[in-house]
Amino acid sequence: MHRVTSYVLRRLVGAVPLLLGISVISFAILKAVPGGPLAAYEANPNITPEDIVRLERAFGLDQPFHVQYLTWFGRLLGGDWGHSYASSQPVLAMIGERLPNTLTLMGTVYVVTLLIAIPIGVATATRQYSRFDHLVTGGTFLAYSMPPFWLGLLLIILFGLQLRWLPLGGMTVPGATSFDLVDRLRHLVLPVTTLALFGTAHYVRYLRASMLETIGQDYLRTARAKGLGERIVILRHALRNASIPLVTVAALDLPELFVGALVTEQIFGWPGMGRLFWDAATRADYPVLMGILVVSATLVVLANLAADVLYAYLDPRIRFA
Amino acid sequence: MAMFIFCACAPTATHTAPGGAAIANSGPVRGGTLVFSLWQEPAGLLPNFASQTVAGIVASLVVEGLTGTNSDGSYYPVLATQVPTLANGGVRLLAGGGMDVSYELIPNVRWSDGSAFTSADVKFTWETYLKDPKVITKDGYSAIEQIDTPTPTSVVLHYKQIYGPYLTRFTGLLPKSLEKEADLSRSEYNRKPIGTGPFRITEFVAGDHITAERNPTYRVPDRPYLDRIIFRSVPSREAAIAQLKAGEVDGMWNLLEAQVPEIAPDPKLRVIATAGATVERIELNLAKPADPADPAVRHPVLGDRAVRRALNLATPKQQIIDKLLFGKAQIGTSPVSQGWASPKGLAQEPYDPNLANKVLDEAGWVKGADGVRAKGGVRAALTIMTTSGDKVREQTEQVLIDEWKRVGIELSIRNLPSDVLLSGTFANDPRKRGNFDLVMYASTPGIDPQTTMLRYTTAGIPTTANGGAGQNFTRFANAEADAAIAGASATVDQPKRAELYARALKLLNDEIAIIWLYDRQTIDAFRATVRGPTGSVWLGITFNAQDWWIGR
C-alpha cells in the first residue's frame with residue numbers, strides 16, 4: 001500500500017507543471033481570439049470611445065499578456081477565482097450554481113449508460129456472429145456516428161413537437177415552485193437519451209472486444225472443465241478480466257460528470273456547466289472560461305491517475321513503477 | 001428503452017389563465033403568469049452596468065428613470081412630473097456656458113423595498129455613475145458639476161457645459177439605500193435590482209429562468225394586470241419558436257425577418273413587428289485599403305464618386321427586402337432612420353441599372369473583354385465583407401454579384417466571423433484598419449443621435465495616430481459636416497439640432513459613401529391570448545408590461 005501512496009504522490013507532483021502549462025496555453029489561446037469582452041460595447045451607441053478605454057483599464061485588459069496572466073494566477077493561488085466580466089458574479093459561485101445541474105444530467109447518463117452497456121456487451125460477445133450480435137454491432141456503429149446535435153434535435157422534433165410527449169427543453173416547467181421528481185425526469189429523458197445512446201455504443205464496443213478476447217482464453221476452458229455453470233464462467237471469470245479496459249474508459253469519462261456536455265446542454269437549454277462555458281465563450285468572459293478550464297484540466301489529470309490506480313487494482317499483473 | 005416510461009403523462013400548460021368564462025371578452029383580466037422566452041440571457045440587471053439589449057427587456061419591468069422615449073423620439077416624464085425644456089423653463093442656459101436642468105419628482109413614490117423615492121436617490125445615482133469604474137458610460141454624467149436637492153421632490157442638475165442629449169440621462173435610477181454596497185455590480189442587486197417599476201425580481205436562476213412578481217408598492221393603481229412574468233432562458237431563436245408553437249411559453253423576444261412566415265399563418269400566434277432604429281448598410285471605403293489605411297490616399301476605384309453612385313443605382317433594395325426579408329423592412333435612407341432627428345425627404349437614388357451603366361460610361365470606365373470595366377489600367381473589381389454565417393447577408397451578396405456584374409463591376413466575397421469583422425478593436429477589426437473595399441453590417445443609433453453622428457466626422461476616422469478610436473469606417477471627411485455635428489452637440493435647441501444633423505447627413509449622402517440598404521424591424525411574437533404588447537421603436541417589447549394581460 002505504501003507503494004501506491006508514493007506512486008500517487010509522485011504523479012500528483014508531476015501534474016503541477018502540467019496544469020501550469022495548460023493554464024498558460026489556455027490563457028494565451030483565449031487572448032488570441034479577436035474581439036474580447038468589450039467587443040459588444042463597440043456597437044452600442046450609448047458607449048463612447050472614452051468609456052471603452054476606461055472599462056479596459058477597469059478590467060485590466062490594457063495590461064500586457066504576462067501581467068494579465070500573473071495577476072489572474074496570483075489571485076487564484078490566494079483562492080480568488082475572479083469575477084465574470086459580464087455579470088460581475090464570482091466565478092466559483094457561478095460554477096457552484098451550475099454544477100448540481102450538470103451532475104444530475106451527466107450522473108444519470110453515466111448510470112444509464114453502464115446499466116445498458118454492460119449486459120448488451122456481454123450478451124453480444126457470448127453470441128458472436130449471431131443475428132443479435134450483428135444487430136448490436138450495426139446499431140452501435142449507427143449510434144456512434146450520430147452527432148449529438150443532430151440526434152438531439154431529431155428527438156426534440158419527434159417527441160417534443162410532433163408527439164408532444166416530452167418538454168422541448170429546460171430543466172423544469174416554467175413557474176415550478178418546488179422540486180417535482182416526475183417533472184425533472186420528464187425533462188431528463190431526451191438529453192439523457194441523446195448522450196447515453198452515444199456512450200452506450202462506445203462502451204459496448206469496448207466490452208465486446210475485450211470479452212471476445214477473454215472468452216477465447218485457456219483458463220475459461222479450465223473453469224468450464226471444472227464443471228462451473230456457464231453463467232458463473234462468463235460473469236465471474238470472463239467479465240471481471242474483460243472489464244479492465246472498460247473501467248479505464250469509464251474512469252477517463254468521469255470528468256464529464258462535472259464539466260457537462262457542451263452541445264447537448266446547449267440544445268436542450270439545460271442550465272449546466274456546458275452552457276455556462278458556451279455563454280462565457282460567446283462573450284469572451286475570460287475569468288469564467290479560465291475557471292472552467294482549470295477545473296476540467298484538474299479533473300482530467302485526476303481521472304487519469306484514478307484510472308491507472310484502478311487498473312492496477314483490478315489486474316495484479318500491473319505494478320506501480 | 002426503460003427511459004420512455006415517463007412519456008405517458010401528458011404535459012400540462014403551466015400558465016394559469018385567469019378569470020372564468022363569465023368575464024372573458026370583457027376587458028383586461030387581472031392575475032396570471034406569463035412565460036416569455038429569451039434566447040440570450042441577461043448577465044446583470046443594474047441600469048448602466050449592462051450593455052446587453054436583453055438585459056433591458058427584463059430590467060425595464062423593475063427599473064425606471066426620470067424620462068422615457070415615445071416611438072416618435074419625443075420624451076415623456078416617468079418619475080418626473082414634466083420633461084424639462086428651454087420652453088417650459090426646466091432648462092436654463094447660464095452665462096458661463098453651463099446650464100441648469102430642473103426636475104420635479106412625482107411625490108409619494110416608493111421603491112420596491114418600501115423606502116421613499118426622493119431627490120437624494122437621483123443624486124446618489126449620479127455619484128455612483130461618476131465613481132464606479134465599471135459603469136457602461138459616464139457620458140453626460142461627467143458633464144454635471146453639482147446636483148442640488150432643495151426639497152425631496154425637486155432636483156437641479158448643474159451642467160458644466162451645454163449637454164444636448166440631457167434627456168437621455170437618468171433613465172435608470174438607483175436607490176440611495178444601496179450606498180452601503182462597496183461594489184454595486186458584484187452585489188446581489190445586480191440580479192435583483194430595487195426599482196420603482198410595476199414588477200420586482202424574486203428569482204434569478206442563471207441559465208434557466210428569471211421570475212418577476214408584481215411590485216406591491218407600484219404607484220399606478222390596478223397595475224400591473226399580471227401577477228408574474230417568467231423569463232425563460234432558451235438556447236436559440238429556433239428553440240423559442242418551437243416552445244411558443246407548442247404552448248410551453250406565451251411570448252418570445254426578437255425573431256428574424258425570415259422566421260416570420262413560420263409563425264404568422266398560425267391563428268394561435270401573433271407577430272408584433274415594430275419599426276426599429278437599426279440600419280443595414282454597405283459602407284464604401286473612400287481610402288485605399290491598407291493595413292492600416294491612410295485616409296489621405298484615395299481608393300483607386302471607390303474614390304470615384306461615379307462608381308459609388310453606380311453601385312447604389314445597381315443595388316435592388318426593394319427586391320432584397322421582398323425576397324430575402326419577406327417584406328419586413330423599409331428601404332434605408334440614412335443612419336438616423338427614427339426619432340426627432342430623422343431627416344425627412346432624404347433618400348438615395350432608386351434602383352436603375354441602366355442609369356448606372358450610363359454614369360460609368362460617362363465617367364470613362366470602359367467595359368473590357370471580360371465584361372468588367374476599367375479606367376486608366378485599374379479594373380473595377382471589388383471585394384465585399386460581411387459576417388459569415390448570416391444567411392440574409394450572404395444571400396444579399398449573391399444578389400449584388402449578379403446585379404453589379406451587369407453594370408461591369410466585379411464583386412468577390414471575403415466574409416469573416418462576426419467576432420473578427422465586428423470586433424471593434426484596432427488590432428483586428430478590418431473596418432477600423434481600413435483594410436476593406438465594402439463592408440455590410442448593421443448599426444443602431446441611440447435615442448439621441450450624437451454618438452452615431454460622430455461616426456461621420458473627420459475626428460472619428462480610426463488611424464494609428466489616434467490609436468484606432470472612432471468609427472468613421474468609410475473615411476468620409478467633410479469640414480462642413482464636422483462643423484454641423486459639433487454645432488448640434490453644443491445646443492439644447494432640439495429643432496436646431498435636428499436641422500444641423502440633417503445638414504451633415506445630406507452631405508454624407510451626397511458623397512454616396514454608404515449604401516443604406518434597409519431599416520430593420522424589431523419582431524417579437526406572442527400567443528394570441530396575450531393582450532397589451534404593442535412594441536416600441538426605442539424601448540424593448542416589455543416597456544408597457546404593466547398593461548399586459550392574458551385573455552381567452
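Mentor: A crossing counts as right-handed if the near helix is turned clockwise from the far one by less than a right angle. Keep that in mind as we look at this predicted model.

Trainee: What makes the crossing of H5(A) and H8(A) right-handed?

Mentor: The axes of H5 (residues 91-126) and H8 (residues 181-215) of chain A cross at roughly 35 degrees and come within 6 Å. H5(A) passes H8(A) in the clockwise sense, so the crossing is right-handed. Residues of this contact divide into 20 nonpolar, six polar and one charged.

Trainee: Now chain B. How do you know that E4(B) and E5(B) pair?

Mentor: Pairing needs at least two bridges, and three join E4 (residues 91-93) to E5 (residues 99-104) of chain B, so these antiparallel strands pair. In one of the bridges, Arg92(B) has Asp100(B) as its partner. Five residues lie between the two strands of this hairpin, and Gly97(B) in the turn has a positive phi of about 100 degrees.

Trainee: How do you know that E5(B) pairs with E7(B) too?

Mentor: Use the cut-off of at least two again: six bridges join E5(B) to E7 (residues 154-159) of chain B, so they pair, also antiparallel. Here Tyr103(B) has Val155(B) as its bridge partner.

Trainee: Why do they alternate?

Mentor: In a regular strand, side chains alternate between the two faces of the sheet.

Terms used. Residues are numbered from 1 along each chain as its sequence is written. Chains are lettered from A and ligands numbered from 1 in the order in which they are written. This is a predicted model: local features need pLDDT of at least 70, side-chain atom pairs count only at pLDDT 80 or more; totals for chains, interfaces and linings use all residues. Axes are lines fitted to C-alpha atoms, for helices over the stretch in contact, and angles run from 0 to 180 degrees between N-to-C directions. Helices (H or I, at least four residues) and strands (E, at least two) are DSSP runs, numbered from the N terminus. Ala, Val, Leu, Ile, Met, Phe, Trp, Tyr, Cys and Pro count as nonpolar, Asp, Glu, Lys and Arg as charged, and the others, Gly among them, as polar.
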